[in-house]
Amino acid sequence: MVMSNTGWTPGWSTGVPSKGDLVLAISGSSILKPPDGWLLPWGSEGLAAGAGDTVSLGSMNDTPVFVTELDEADASGLESVALRDALLMMEDAPTDLLSTGFQVWQWWRDHRFCGRCGGETTSHPGERARWCQPCSIPWYPRLAPCVIVVIRKGDHLLLARSSRAKHHFYSLIAGFVEPGESLEGAVAREVKEETGLDVTNVRYHASQPWPFPHQLMVGFFADYAGGELVLQEDELADAGWFLPGDTPPVPPQTTIAGRLIRAMEKEISQGGVPL
């Protein structure tokens, strides 16, 4: 496991919290944030009484970390911070910890019952999984791969504004990978469906977990190969080609979209050419 720059190391254990262990508290789609950080010590007023299940996430500087869910009624003195706001608007948020916590808790809550027989599942004794004893089936945390791509046309890059997003950023073309499809094939298909454009030279750049609710975003560079912009209106409200340094508001560098955009701007500005 790799320790993040926050001191958090992802991992898993079979134990339950002890006094002094740390807990990420979730309520719906928000984090219940204490004034001095993002984690609560187990045993805090209201936490042990209000919490139900807890699931191991790893450790923070060698102190075990768990995730649980609380009702806001049990959250006296805690600030409710929407997860999307934390990841998009708060540069000091520990995005790796928050993303993992939400994805793990979503899985834990959604797999209380076996998808084959409908019986109640229990915690697997040897790994992070829900276990159905009658079926002898482990149910692991689910990940849905998505592709996201920044497209280059000469010294311009393509940015688009979603027709559904609440934040008014211009971002990138993205979509889920379909069964039997390669990642590169998904890039070409999503771009064609949403913009009418053809791309070539699709190449991997980076990835990021994205907990809405359980995506793995796989980021690519691609080059324009032809076509005129024809927007899929239920997906995109606007799109256009922009020069580096002369773009509308884009996502922050806490997101893979923001990092892809800035990496492509740097490549173009430094005179780089597609591989």
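Me: By class, what does the lining of the second largest pocket have?

Reply: The lining comprises seven nonpolar, three polar and two charged residues. Here Ala, Val, Leu, Ile, Met, Phe, Trp, Tyr, Cys and Pro count as nonpolar, Asp, Glu, Lys and Arg as charged, and the others, Gly among them, as polar. Please note that this is a predicted model, in which local features need pLDDT of at least 70 and side-chain atom pairs count only at pLDDT 80 or more, while totals for chains, interfaces and linings use all residues. Residues are numbered from 1 along each chain as its sequence is written, and side-chain values use heavy atoms, with hydrogens and water left out.

Me: Which residues lie nearest the centre of that second pocket?

Reply: T100, Q103, V104, R128 and L143 do, out of 12 lining residues. Helix α3 gives the most to this lining, with three residues. Helices (H or I, at least four residues) and strands (E, at least two) are DSSP runs, numbered from the N terminus.

Me: How much space lies in it?

Reply: The second largest pocket holds about 320 Å³. On a 1 Å grid over the protein atoms alone, a pocket is an open set of points with protein on both sides within 12 Å along at least five of seven lines, a cavity is a set where a 1.4 Å probe fits but cannot get out, and lining residues have an atom within 4 Å of a point. Grid points are joined across faces, edges and corners, and the volume is the space filled by probe spheres set on the points.

Me: And the largest pocket: how much space lies there?

Reply: About 1,000 Å³. Its lining has 33 residues, and R84, S162, A165, A174 and W210 lie nearest the centre. Strand β13 gives the most, with four residues. By class, the lining divides into 17 nonpolar, eight polar and eight charged residues.

Me: Is Q215 buried or exposed?

Reply: Q215 counts as buried because its relative accessible area is 10%. Buried means under 20% relative accessible area, exposed over 50%, and partly exposed in between (1.4 Å probe, protein chains only).

Me: You mentioned F212. What is the peptide bond from F212 to P213?

Reply: That bond is cis, with omega near 0 degrees. P213 sits in the loop between β14 and β15. Most residues other than glycine have a negative phi, and most peptide bonds are trans.

Me: Which way does the phi of N61 go, positive or negative?

Reply: Positive: phi of N61 is near 50 degrees. N61 lies in the loop between β5 and β6 and, at 51% relative accessibility, counts as exposed. S136 has a positive phi as well, near 55 degrees. S136 is in the loop between β9 and β10 and is partly exposed, at 45%.

Me: Finally, how many helices and strands does the chain have?

Reply: The protein chain has five helices and 16 strands. Of its 275 residues, 46% count as buried.
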